[in-house]
Every structure is written in C-alpha cells, then in structure tokens.
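Please walk through the model below with the sequence and the coordinates side by side. The account starts inside one chain and ends where the two chains meet.

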Amino acid sequence: MDEPMIRMRKVSKIYKVHHRTEGFWASLKSVFHREYKTVTAVDRIDLQVNRGEIRGLIGPNGAGKSTTIKILAGVLHPSSGEVQVMGMVPWKEREKYVRRLGVVFGQKSQLWWDLPAVDTFALQKEMYKIPTSAYRERLDYFSHLLGIGEVMQKPVRQLSLGERMKCELVCAMLHEPPLIFLDEPTIGLDVVSKESIRNFIKHVNRDKQTTFILTTHDLSDLEDLCEKVTIINKGVVVFDDTLDKLRAYFSNKKIVEIHFDRPVAKSDLDGFDVREFTPLAATIEFAMDETGDIRRELGRVLDRLPVRDINVGNIRIEEVIKQIYLT
Amino acid sequence: MKGLAALPGLVRLFVWHCKLDISRNMAYRFNFVVGMLISLLYSGVAPVAQYLVFSATNGYPGWTVPQLVLFQGMLLFWNGMRTMLFGKVLQQTVTLVRMGEFDRLLVKPYPPAGVLLTGGFQLNGLAPTLAGAVVAAVAFVRLGVEWHWWMLPLLLAFLLAGIGLYAALLMLFCGVLVVVVQMGRLGELFERAVSFSDYPISIYPKAVGAVFRFVLPFAVWVYFPAQTLLNRLDAAMIAAVVAGAAALLVANRIWNVLLDRYTSAGG
C-alpha cells in the first residue's frame with residue numbers, strides 16, 4: 001500500500017513586498033513612503049508524495065517550486081494550509097524533523113572549500129550524532145557507489161563540479177534521512193557525471209527506500225528517475241501525475257517530420273501547422289479528430305507534397321511542458 | 001530550556017568548527033603566520049594608544065599606570081577571546097543572508113542561532129588572547145596584589161557572562177540582519193558600542209556607568225575582571241553576571257521573533 005510521506009493541503013504563501021517604481025526620485029521618495037503589494041508565491045497547493053517515491057517537481061523560474069520546497073523543509077512558514085511530512089509539521093518540530101531530512105542545494109555548497117570533503121563528512125557525523133561504525137559503513141557504501149574514494153581526500157577547491165556534487169550528495173545522506181530534497185543536483189554537469197549521479201539516486205532509492213523530491217530544469221533527469229511529476233506554474237499545481245500521463249497530455253496531437261524528394265516552397269505547406277521548415281524538410285503538428293484517425297491528415301500531406309520519408313511521433317515532453325508553462 | 005538542552009551538542013559542534021578552522025589555517029601556513037602577527041599588532045594598537053594617552057595626561061581617576069597595564073592586558077585578552085570565539089559571525093551572517101544561504105542553517109538539527117555562533121571561530125584571536133593573558137599575569141605579579149582562591153571562579157563567571165552577553169548582542173544584530181538583509185553601518189555601530197568596554201567603567205558619568213554595570217553589563221568583559229585582580233570587589237559584579245545571562249535569554253526570545261519574519265531569497 002502507498003504510504004504517504006508528504007501531505008500538503010491548500011497551502012499558500014503570501015509575501016508582502018515593497019512595490020518599487022522606476023527612477024531616481026521614486027527611490028528617494030521610497031525612503032519616506034513605501035507602497036507594498038502582496039505576492040502569492042504558492043496558491044492553495046495540494047500535494048501528496050508516497051514513501052519510496054522519486055518525485056519530480058518542475059516549473060518555470062519563479063513558479064513557486066523553491067517556496068514549496070522551503071515550506072516542506074521547514075525553512076518558511078506557510079500563510080495558510082496544512083503540511084505534514086513524516087507525521088510532523090516541518091516548521092513546528094523543525095529540529096526533530098530535519099534530523100530525518102537531507103537537502104542538496106545544487107548551487108549552494110555545504111562543503112568546506114579549503115579542506116577535503118571527508119572533513120565536512122566528519123562534521124556531519126558530529127552534527128547528526130552518527131555512530132562511528134554506521135558512519136564508516138555508510139561512507140564506504142556511498143564512496144563505492146559514486147567512486148569518490150580518492151576524491152573525498154582532496155581539498156574541495158581542487159574538485160571538478162561533478163566530483164563536488166557527488167560529495168554534496170554524500171554529505172546530505174550520511175545520516176540516512178528517509179526524505180531528501182534535491183534542488184537541481186545535475187545543474188552544469190557533463191553527461192557522464194549526470195548519469196553517475198542519477199544511478200546513485202536510483203540505487204539509494206532502491207536499497208534504502210529513500211524518498212526523493214527532485215527539482216530540475218533538465219527533463220532527462222525526470223525521464224530517467226521519476227515515475228510521477230508535479231508541475232507548478234504561477235504558484236499553482238497544474239499537473240500532478242505520472243510521466244506517462246504527461247507524455248500523453250497532448251495525445252490528440254502528433255508531430256510529423258517529412259523529408260522531401262526535391263525542394264518545396266513554404267507556401268506549399270499553407271494550411272498546415274508548420275513548426276520547422278527547410279526546402280528539403282519540414283516538421284508539422286497535427287491535431288487529430290476525436291476518432292484519433294491520422295490517415296486523413298497524412299493523406300493530405302502525401303497528396304500535396306513530394307514526400308521521400310515520413311516519421312510520425314508524439315509531441316516531445318519538452319514541448320508538452322513548454323505548453324503547460326505557457327498556459 | 002530548549003536552548004540549554006542543545007548546549008552540549010553546540011559545544012561539540014563548536015569544537016569541530018575549531019578543528020576544521022585550524023586545519024584550514026594549517027593548509028595556508030604563510031597566511032596563518034602573517035594573520036597572527038597582524039591580528040596581534042591590530043589588537044595591541046588600542047591598548048598601547050590608551051597607555052600613551054594615559055601616561056601623557058592626568059590619566060584615569062583611581063587608576064595608576066601599573067593598574068592600567070593590567071587593565072590593558074585584560075582588554076587584549078578579551079578582544080582575542082571574542083575574535084577567537086565569534087570572529088567570523090558578523091561577516092558570515094551578512095554573506096549567508098544576502099546570498100540566500102541562510103536556509104542551510106535552518107535545515108540543521110540545532111537552533112539556528114547556535115549553529116551561527118558556533119561557526120564563528122577564528123584562529124587569529126589566539127595571539128592576542130595569549131599575549132593579553134601574559135601581560136595581565138605579569139602586571140598582576142608586579143602589582144603585588146595578594147591572590148585569593150575566589151578570584152578564579154569569579155573570573156570564570158565574568159568570562160562566561162561576557163561570552164553570553166557578547167553572544168546576545170550578536171544574536172540581536174544577526175536577527176535584525178535576517179529581517180532587513182542589508183545592514184550597512186549598523187555593523188560599525190555594533191563595534192563602536194562594544195568599544196565602550198575598552199575603558200574603565202569608572203570614568204563614565206554615573207548614569208552611563210550604571211547601564212554598563214546593570215543593564216548592558218559591558219563591565220564583565222574587562223573592567224570587572226581587572227577590578228577582581230586588583231582585589232577591588234563590588235556588589236554590582238554579581239548583578240552584572242546575572243544581567244549578562246539574562247541578556248542572552250532576552251536576545252534568544254527576540255531572535256526567535258525576528259527569525260519568524262525570515263523570508264529567504266529567491267530560488
């Protein structure tokens with residue numbers, strides 16, 4: 001049975017922010033009189049994540065992802081709504097709660113820059129009161145999985161971004177939290193490092209039943225790791241379901257890539273929804289009718305154009321997400 | 001009470017931060033040696049300047065030159081101690097809040113103020129602390145004041161109350177910073193305010209002196225320890241120790257209120 005790890009009900013976060021107007025005089029005036037406006041960063045969000053899930057949390061910049069994560073991490077108090085994570089209210093039982101929580105901020109490091117990462121790990125051991133034997137065992141497990149046996153002995157400033165991120169992950173997981181927030185863990189990494197980190201997340205998830213909440217702009221992270229995805233836009237959850245459902249979000253639309261025998265003019269494609277065009281190739285989007293029959297549309301193409309090759313596919317997930325963001 | 005329960009853990013955390021900071025300093029030996037010398041010179045300037053002013057004028061009422069040397073030794077010692085214990089706190093808080101990294105403190109299993117304060121160790125404070133202790137000890141011996149066993153617990157009580165008071169002021173300052181983000185010259189004001197303790201409290205007007213004894217008992221940092229070593233006891237000493245501890249409790253309350261207003265930075 002699916003056991004809920006995170007439950008958010010009708011959670012909102014409203015900020016009061018200084019409304020700045022343009023210009024020098026407006027700046028001077030603001031010293032004496034300020035106008036404020038309220039900004040709703042998240043608006044009555046409902047979310048449930050089950051134990052052992054790897055949940056993708058995505059959305060455009062400024063959508064409310066970070067605010068959601070910060071509320072879940074106990075960093076911010078919501079303005080209204082209910083939050084229960086592992087049976088606790090994060091901001092009310094913060095210290096007890098964060099003992100069972102791991103957080104990796106992809107763009108912020110918690111490693112000591114001038115010292116080997118293993119020194120920061122030792123600090124974590126002290127901070128979370130990890131018994132020495134468990135600490136050794138976990139460090140062996142993590143360093144073996146990530147291949148950082150030698151890396152963690154070098155000063156952090158000498159490490160590559162990928163090596164550093166691996167050490168950040170270990171740092172966040174040494175106390176074996178059942179829940180981990182990963183905020184853009186693969187940002188700026190090369191393909192090999194990305195794959196290594198994803199494999200690591202999958203291993204830990206499988207071996208230890210750790211629940212991960214992953215925010216990312218890299219959709220390959222989602223495709224590789226997550227079964228379910230939550231999309232937040234303008235502070236509202238606009239999609240909360242499986243990745244397969246997301247892929248099928250525009251299932252009535254197809255993308256048709258066509259290669260021509262000879263160059264054609266763009267005007268030859270009038271009446272089609274052309275996405276990309278060169279004289280020898282074009283990409284067209286078709287909206288199918290309610291029967292889902294694409295033959296009539298394809299017939300129009302084959303009749304009117306000198307088709308050499310044709311490929312019919314679903315709308316790419318990037319495109320689906322872009323459409324959702326723009327909605 | 002919750003803060004007290006976390007104290008042993010915070011002390012352990014502080015020890016670890018000390019170890020890591022020392023390790024970091026050892027990684028850059030040249031910088032470490034130069035830093036020590038500079039901090040010794042820098043911390044020593046104020047006491048030497050005071051001594052010169054003192055010897056060239058009528059001095060401070062009730063203080064002789066050898067007594068003032070003892071006072072300067074204690075001042076050097078305290079300045080070194082506060083640098084060693086909390087030297088990095090102000091700058092670190094400014095950076096954390098401005099860069100939105102303060103969040104990291106809130107996901108640690110300790111009170112955030114505790115994590116902030118225990119991460120303030122700066123090895124540069126070691127040289128002035130040792131130099132101050134030596135100067136004060138030599139001055140004490142040369143003054144020929146009789147040593148009493150109770151001086152030691154009293155000095156220790158002043159040191160603890162002094163640390164508590166300084167931590168309280170830092171918490172207030174950092175709490176304000178958490179809310180307003182940009183501190184500007186508030187940091188200077190902080191430094192100027194605590195520098196009132198660089199002079200014997202007895203030279204201030206009575207009302208100001210009373211504030212530094214009973215309300216914001218800056219006297220626990222240098223003045224009362226020096227008075228203790230001069231065998232000049234004062235009933236206000238106990239009140240100052242209590243006021244130092246109370247300041248920490250009040251600051252903790254205010255800190256919690258200010259922390260509730262933390263809004264974090266953008267993602």
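How many of the residues of strand β5 (residues 101-105) of chain A are buried? Strand β5 of chain A is mostly covered, with 5 of its 5 residues buried, where a residue counts as buried if 20 or more other C-beta atoms, placed from the backbone, lie within 10 Å of its own, as exposed if 12 or fewer do, and as partly exposed in between. This is a predicted model, in which local features need pLDDT of at least 70 and side-chain atom pairs count only at pLDDT 80 or more, while totals for chains, interfaces and linings use all residues. Residues are numbered from 1 along each chain as its sequence is written, and chains are lettered from A and ligands numbered from 1 in the order in which they are written.

In a regular strand the side chains alternate between the two faces of the sheet.

Elsewhere in chain A, 3 strands form an open antiparallel sheet in the order β2-β1-β4. Its edge strands, each pairing on one side only, are β2 (36-50) and β4 (80-85) of chain A, and the twist averages 25° from one strand to the next; the angle is taken between N-to-C directions on a scale from 0 to 180 degrees, with axes that are lines fitted to C-alpha atoms, for helices over the stretch in contact. Strand β1 (residues 4-18) of chain A is joined to β2(A) by 11 bridges, and I14(A) has T40(A) as its bridge partner in β2(A).

Taken whole, chain A comes to 11 helices and 13 strands, these being DSSP runs numbered from the N terminus, with helices (H or I) of at least four residues and strands (E) of at least two. Of its 327 residues, 36% count as buried. In helix α4 (residues 117-127) of chain A, the buried residues include A117(A), F121(A) and K125(A), and the helix is followed by K129(A), whose phi is positive, near 50°.

For chain B, an unreviewed UniProt entry lists several residue ranges as "transmembrane region", among them 60-78 and 151-182; such positions are given in the numbering used here, feature names are shortened, and annotations may be inferred rather than shown by experiment. In the model, residues 60-78 of chain B are 74% helix, with end C-alpha atoms 20 Å apart, and residues 151-182 of chain B are 94% helix, with end C-alpha atoms 43 Å apart.

Where the chains meet, 19 residues of chain B are in contact with 25 residues of chain A, contact requiring C-beta atoms, placed from the backbone, within 7 Å. On the side of chain B that touches chain A, α1 (2-27) and α5 (103-106) of chain B each supply at least two residues, and α1(B) gives the most, with 7 residues.

As for confidence, chain B averages a pLDDT of 87, pLDDT being the predictor's confidence in each residue, from 0 to 100. The model scores ipTM 0.77 and pTM 0.81.

How values were computed: Contact = placed C-beta atoms within 7 Å. Pairing = 2+ DSSP bridges.
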